[in-house]
Amino acid sequence: GGPPTPPPRKPAETLAEHDPPPLLTTIGQRIAFADVVQTGRLAAEQDETSPAAREIAALAAEVTRIGA
């Protein structure tokens with residue numbers, strides 16, 4: 001009994017309908033993040049050219065663009 005269940009949707013289709021849209025920037029699991037937690041510093045303060053610092057900068061830029 002009851003109405004038929006709709007077919008499952010792909011996550012990308014579901015997320016595409018959200019406002020704001022899903023973020024495209026990815027943050028890797030980096031040793032730098034564990035290191036900076038112990039010192040209380042930011043990844044960019046430890047090494048501004050590191051992959052961790054670049055990923056965080058890219059995330060911040062993406063969030064800023066969405067909020068603009």
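Start by selecting the charged side chains, counting Lys and Arg as positive and Asp and Glu as negative, with His and the chain ends not counted, and placing each charge at NZ of Lys, CZ of Arg, CG of Asp or CD of Glu: the mean positions of the 6 positive and 9 negative charges of the chain lie 5 Å apart. The model is a predicted one, in which local features need pLDDT of at least 70 and side-chain atom pairs count only at pLDDT 80 or more, while totals for chains, interfaces and linings use all residues. Residues are numbered from 1 along each chain as its sequence is written, and side-chain values use heavy atoms, with hydrogens and water left out.

Next, colour the chain by secondary structure, where helices (H or I, at least four residues) and strands (E, at least two) are DSSP runs numbered from the N terminus; there are four helices and zero strands. The radius of gyration, taken over C-alpha atoms, is 18 Å, well over the 11 Å that the globule rule (2.2 Å times the number of residues to the power 0.38) gives for 68 residues, so the chain is more spread out than a compact globule. Along its principal axes the C-alpha trace spans about 60 × 30 × 15 Å.

Within α4, show Ala52, Ala53, Glu55 and Glu62, which are buried (under 20% relative accessible area, 1.4 Å probe, protein chains only).

Note on methods. Buried < 20%, exposed > 50% of the residue type's maximum accessible area, 1.4 Å probe, protein only.
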